[in-house]
Amino acid sequence: MTATVSNTGSPVSKTREPLIQIQNLKVEYLAGRGSVRAVDGVSLEIGKGEVVGLAGESGSGKSTIAQAIMRILQPPAIITGGKVLMGGRDILEMSDRDLHKLRWEEISMVFQSAMNSLNPVMTIGDQIMDALVSHRKISEEAAREHAREMLRIVGIEADRIDSYPHELSGGMRQRAVIAIALVLRPPLMIMDEPTTALDVVVQREILAKITELREEFGFSILFITHDMSLLVEISDRIAIMYAGEIVEMAESRELFENPLHPYTQGLMASFPALTGPRKKLEGIPGSPPDLIAPPSGCRFHPRCPHRMDICDKVAPKYIEARPNHFVACHLYPTSEGTAE
Amino acid sequence: MSYILKRVVFYLIAAWASITLNFFLPRMMPGDPGSVLLAKLRGQGDIRPEVIDAMMKAYGVSDDPLIFQYFDYMRNILTGEFGVSTSWFPAPVTEVIRTGFIWTVILIGTALIISFAIGSILGVIGAWKRGSWMDNVTPPVFVFLGSLPYFWIAPMLLFAFAFHFQWFPPRHAYNTDLSPTFSWAYISSVIGHMILPVISVVIVSVGGWLLGMRNTMIAILSEDYVTMAEAKGLSSRRVMFGYGARNALLPTLTSFGMSLGFILGGSLFTEMIFAYPGLGYLLINSVRGLDYPLMQGLFMMITFAVLLANLIVDLLYVRLDPRIRKS
């Protein structure tokens, strides 16, 4: 079983009806010596049936965005601004009642570590069923039958329904988590590094399963990872985050063929391409900035190989440097500007 | 299920070891129960030698070698024969312990369960609403109460509520004018006599349960499965109890089991101060009256209770934590 490489470019977001719109989202962590601006004015749109990849280093704010969308951030993180619009309503303004309904019904989430996201003292069947029972009027038997069906769908034998998480392998656990995420057929699924804790072979299987399920059920995915090679395979569109901001966004193929931002270029050079000639891997020198006092101007300038005089003074505007290809970098002053 | 079997075997060995220690330790101490008994009997005046022989036989005092005595002792224990109490003569030890046991279990068992329940629930809620006024107030208050010495607070309660205000009876487990039947008068009298001692125990012990539960719960709440349960849109109650408390309960249960066993030995102060006719009260009286058979029986009882309580907790663990069922 191999994953289909789907960077063939489905229609761009503008032709799709938007499912969820994140507008100028800001999240801060209140720390002892000031607040950390983990997400600083991020705007992102996910179309119906679209898979959007969100990539960046650890600490760039990817997971914080995911949790802010569902409003499950734990203190000391607080949302300080922006809107998350879904179906004409702002999730950030919703009452607790509406929020409980929205969660899992409209947006579900697959967490990074399947072992840690399953309750060790409940069977996987019960963990599928309690999402059903709390959202739908459904009898115990019907819920159980539905849970068995969900397990079959993700490729687990239905009679494993009474298994506990520790009785399943890593890959099966992640499948079980996907079954839970899928049970209410939500239009949007957030996947926060769903394959990071798995070995490479199992990663492929899970990725193939996700692709297959998406084709069958047509939900949208916000796919968060630091692994660019995964995004090639699964995303329609990719956004690159650096230090709490989106620095570049384009269709997958476009981004891979023409990475504009020096940071994106660095990310691309730091993992091996699946196809094409061998080349030397390079990392990005330096480490992510301290977000309590982020660098002035462009936040990437201390690490940037193409640094110019303007970079530490003025923050670059987020512009459409090529058709449907957005970037925030002083190398591209106008929409006609191209790399090299 | 081999896990259960292993535990049972373990506890059987532990029981055998403690029974054996219980036999040899007193006999290795200077002075021995036999001569004390003898002196006691002689002190009652001129008694014919046949009577002394008969009494010695009744009490099970013998001059056989230690190893034979040990086998006799083991046989007696296996057949439930603990001899006759000298201070409650001629009641057999088992009979004396049985009544004391019932009162202790009623009194201290109730106190422990109430204290565990209150402490755990306050701990769970405190952790859930961390930083709320309730979470800021309850732990210090109960820890303060818990640090009051029991031998001070219990007599104070007794003085205030039994003597000064006379809201509660000052001593014993029930009104001795009533016959022990299943009548409302008798039962309400038993409950009335329990209230003050139970309150005294609960006051000093809630703090420990509260802190233990709160700390474990806080750790559990930062687990991904709790976040995921919240993301699932489950009700707060379901997340708090089904996902949080259910997991936080596991480590707390061990300490609950330990205290369950120590109910029997640890009730000494309570039963002394409130003159409650349980095992602690019996133990004090048996020591005062040098009633060796009763003492031995009580120590045995306490040992078995600790072991049994731990076995029960182990079995309960199997129910609560599916991860233990394997291996």
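## Helix packing and contacts

In chain B, residues Leu279(B), Leu282(B), Leu283(B), Ser286(B) and Val287(B) of α12(B) meet Leu294(B), Met295(B), Leu298(B) and Met301(B) of α13(B). By class, this contact between α12(B) and α13(B) has eight nonpolar residues, one polar residue and no charged residues. Helix α12(B) covers residues 279–288 and helix α13(B) covers residues 292–320. Their crossing is left-handed. The model discussed here is predicted.

From α6(B), the residues taking part are Thr138(B), Pro139(B), Phe142(B), Val143(B), Leu145(B) and Gly146(B). They meet residues of α8(B), including Ile203(B), Val206(B), Leu210(B), Leu211(B) and Arg214(B). The classes in this contact are nine nonpolar, five polar and one charged. With axes that cross at roughly 135°, α6(B) and α8(B) are therefore oblique to each other.

The geometry of the two pairs is set out below.

| Helix pair | Residues | Angle | Axes |
|---|---|---|---|
| α6(B) and α8(B) | 133–146 and 184–221 | roughly 135° | come within 7 Å |
| α12(B) and α13(B) | 279–288 and 292–320 | about 145° | 9 Å apart |

Both pairs belong to a chain with 14 helices and zero strands. From the N terminus on, every element in the run of chain B is therefore an α element, as the order α-α-α-α-α-α-α-α-α-α-α-α-α-α shows. Chain B has 327 residues, of which 33% count as buried. Among contacts in chain B with a separation of 6 or more, 72% come from residues 24 or more positions apart.

## Domains of chain B

The domain assignment divides chain B into domain 1 (2–78) and domain 2 (93–325). Across the boundary, twelve residues of domain 1 are in contact with 15 residues of domain 2. On the domain 1 side, the elements that give two or more residues are α1 (2–28) and α2 (33–43) of chain B. Of these, α1(B) gives the most, with nine residues. The domain 1 side divides into nine nonpolar residues, two polar residues and one charged residue.

## Contact between the chains

How many residues of chain A are in contact with chain B? There are 22 from chain A, and they are in contact with 19 residues of chain B. Three elements of chain A give two or more residues to this side: α2 (96–105), α3 (114–117) and α4 (124–135). The most comes from α2(A), which gives five residues. By class, the chain A side divides into ten nonpolar, eight polar and four charged residues.

## A covered helix in chain A

Is helix α1(A) mostly covered or mostly open? This helix, residues 62–70 of chain A, is mostly covered, with nine of its nine residues buried. The buried residues are Lys62(A), Ser63(A), Thr64(A), Ile65(A), Ala66(A), Gln67(A), Ala68(A), Ile69(A) and Met70(A). Just after α1(A) comes Arg71(A), which takes a positive phi of about 55°.

Note on methods
Residues are numbered from 1 along each chain as its sequence is written. Chains are lettered from A and ligands numbered from 1 in the order in which they are written. This is a predicted model: local features need pLDDT of at least 70, side-chain atom pairs count only at pLDDT 80 or more; totals for chains, interfaces and linings use all residues. Two residues are in contact if their C-beta atoms, placed from the backbone, lie within 7 Å. Helices (H or I, at least four residues) and strands (E, at least two) are DSSP runs, numbered from the N terminus. Ala, Val, Leu, Ile, Met, Phe, Trp, Tyr, Cys and Pro count as nonpolar, Asp, Glu, Lys and Arg as charged, and the others, Gly among them, as polar. Axes are lines fitted to C-alpha atoms, for helices over the stretch in contact, and angles run from 0 to 180 degrees between N-to-C directions. Angles under 35 degrees count as roughly parallel, over 145 as roughly antiparallel, 65 to 115 as roughly perpendicular and the rest as oblique. A residue is buried if 20 or more other C-beta atoms lie within 10 Å of its own, exposed if 12 or fewer, and partly exposed in between; C-beta atoms are placed from the backbone. Domain bounds come from an automatic or database domain assignment. A crossing is left-handed if the near helix is turned anticlockwise from the far one by less than a right angle, and right-handed if clockwise.
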